[in-house]
Amino acid sequence: MKNNTLSPILLHSVVSPEARGAASVIPLDIYNPNKTAMLVDQIRFSGSDFEGGETTRTPFNVLMAVEILLGSIPITNKFVTLGALAPTYIGGEGNAPNPGGPLGSDADYVLTWHLPKPLYVPPMVQLGINLKCQQTEPGQAQTILNYSFETLAVRVSVVGRSLPDDYPIPGEIEVPWVTETQARTTDTRFVSRDNDLVNSNKVPLQVTQFVGISNAGRTAVTPDTARPTPYPLTVQMSLSNGTMLIRDQIPFYLAFPSDRRLFPLSARLQPGAFVRLELEQPVEPYGVQFVAVAMHGYRKIQTPGTLG
Amino acid sequence: MIFRKAMPGFPSVVLAQNPTTNHPKNKKLGGAPVVFSAQTTLRTGQSAVLNAQTLQSGFRTPYFIDEIRISLLSSQFTTAATLTGLSGLVSVLFQTGSYMFSNDAVPVGLLAPIFGTDYGTVMVSNNGGVGDAVRGSSTVRWMLPKPLFMPAGDVVLANVSLNDSALGILNTLFTNDPAVRVTITYVGRLVPQGFEVSHRAVPWLAWWTKSLNEEYKTANTRLRNPFVNPAHVQRFTSRTYESSIASYNEVPLAAQAPTSAAYESIHISDSRGYQITNTRVPIGHVFDTARHAWTFGRELGPREQFNMEMVTENFSGGEFDPDYITNVGLVGYRKESL
């Protein structure tokens, strides 16, 4: 069957997680109504206007984390910060809303995650999408994650192509894998754990890119426009076998530029292999640091019997 | 498209030395690069056909057009928002022989998902002299869905127009210099004399528009395949413009929350009865906001169509000022025999 017989499909849902809570997208909302298999190309996220009016609130792409599963197969390694999933956040400044106009509010911001490969979703198999708010507990030190809100609505769209009835079931499918390391520390040095940026699958992982987000040592957080600051955050990356990906400590914003916060890399990671990430700050920052870096890739999985 | 082999005697070294094809789907064909360009100046409500002599090959050989670039220049548009606003005011209608690219003039912003890299940032001085007016330019780069084969001596005619507006926007904006210079450039490759194809892929564009002041509107048959052959739909494109008596700016596609003020949402199905979206979806979720497009690839049979309806959510009587104009386009091609 040729690709041009596929039909575009967009499945949309709205969920409302509570503060420090999690919520799942209703499976039926993102279930292919044509009852056939589909290829998922992109997943989009956006949040509602925050209530409360704080001037230094947490951006939506830092506040929220997502967990995605294909049936029982994990696509993300537990929860991944949205800002580390999608490298661009279109709509305007992260903490400078443009109120007033009918189309000019916080809700203009949209994150689109382009999957590294189209994901084949067999018929009758559910795509699971869970969202979690990453706020800190009340009473903790001032951090970028202590923003409080009363209501929050999150829009989620699964964008892809619906396959015809007679589309042959592939013998193996390419399933994305995203795993994250997250630093919330005032220390001058942070090293990711070995099971953070790891290929914990039983098959090799084709790595495609790293996506990073940071507040760059500022209290008023605008992760998407991270610029040089008096206390620049630097990053170094290496493979578990000692191979250097970033040899020296370089400014974080050079590895993950502000307009498109990704570090492309084509590499093959064997099962159990991992990437070690080291962050340094020359002096203790005046704000609590938030850094999230995710490794994106895909692995091949035999189709029969692995989806439940 | 079925290509026959190049004629015997065609110097293969030319192919090797001129890897000029810009179109990733057709790199193996190669060919010497060709660029044809023409420009005209438009005033409010005017339209013009660009000089056909300068838009065709003078080599008397067939050629391919891989992409079409459209530059818009005006002294009144010197900010990023207004520069992209021009893409909603200037429309173009292409035609080659008896084949139309669209059945209506299409706003140039709907042709391509992204502008050129100089979009919104390049301010060129008029004659380079001190004190000259600063002019802004924006460039749309439309990579055709398939390279367009052009027989020797054939040309794609371009009819451009500067749209008037019911709000009289242009009269205000163009007080000092009511002109927009439109430059259209075809980028392609020469192929040897005798190179033959039995069919060619002619681009096909369709579009429709809605104001936020309209509570509900459908595309009706605007997104239909009017041909007797299947059409290949490459993508939907969309742009939103803020329109007032004094300005016409592009704004981001919105993805409003359910509790927000008025915003546009879209529901799409097709004439086969299949749901393309499962519900009404904010336009910012239908299209990739970074590229103003939803690219998928879909064959649309003869007389088939996409049914698209747009709704102003949280509508409270309309009369938004400024108004918000949302254009939605469909970009694809159909095969036509030569």
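**Exercise 1.** Is A:D41 buried or exposed?

*Solution.* The model is predicted, so local features need pLDDT of at least 70 and side-chain atom pairs count only at pLDDT 80 or more, while totals for chains, interfaces and linings use all residues. Residues are numbered from 1 along each chain as its sequence is written, chains are lettered from A and ligands numbered from 1 in the order in which they are written, and side-chain values use heavy atoms, with hydrogens and water left out. Buried means under 20% relative accessible area, exposed over 50%, and partly exposed in between, with a 1.4 Å probe and protein chains only. Because its relative accessibility is 17%, A:D41 counts as buried.

**Exercise 2.** Find the salt bridge between A:R161 and A:D41, and state which strands these residues lie in.

*Solution.* A salt bridge is a side-chain nitrogen of Lys or Arg within 4 Å of a carboxyl oxygen of Asp or Glu. The side chains of A:R161 and A:D41 meet in such a bridge, at 2.9 Å from N to O. A:R161 lies in strand β10 (residues 154-162) of chain A and A:D41 in strand β3 (residues 38-47) of chain A, so the pair ties together parts that are 120 residues apart in sequence. Strands (E, at least two residues) are DSSP runs, numbered from the N terminus. A:R161, at 11% relative accessibility, also counts as buried.

**Exercise 3.** Examine two salt bridges of chain B, namely B:D66 with B:R189 and B:D270 with B:R298.

*Solution.* Begin with B:D66 and B:R189, whose side chains meet at 2.8 Å, N to O. This pair links distant parts of the chain, with B:D66 in strand β3 (residues 63-74) of chain B and B:R189 in strand β10 (residues 180-190) of chain B, 123 residues apart; both residues are buried. Continue with B:D270 and B:R298, which meet at 3.0 Å, N to O. B:D270 lies in strand β15 (residues 263-270) of chain B and B:R298 in strand β17 (residues 293-300) of chain B, so this pair ties together parts that are 28 residues apart in sequence. Both B:D270 and B:R298 are buried.

**Exercise 4.** Describe the open sheet of 4 strands in chain A.

*Solution.* The strands follow the order β11-β19-β14-β17 with antiparallel pairing, where two strands pair if DSSP finds at least two bridges between them. β11 (172-183) and β17 (262-269) of chain A stand at the edges with a single partner strand each, so one side of each is left without a neighbour in the sheet. Within the sheet, 8 bridges join β14 (residues 205-214) of chain A to β19 (residues 291-302) of chain A, and the bridge partner of A:S214 in β19(A) is A:V291.
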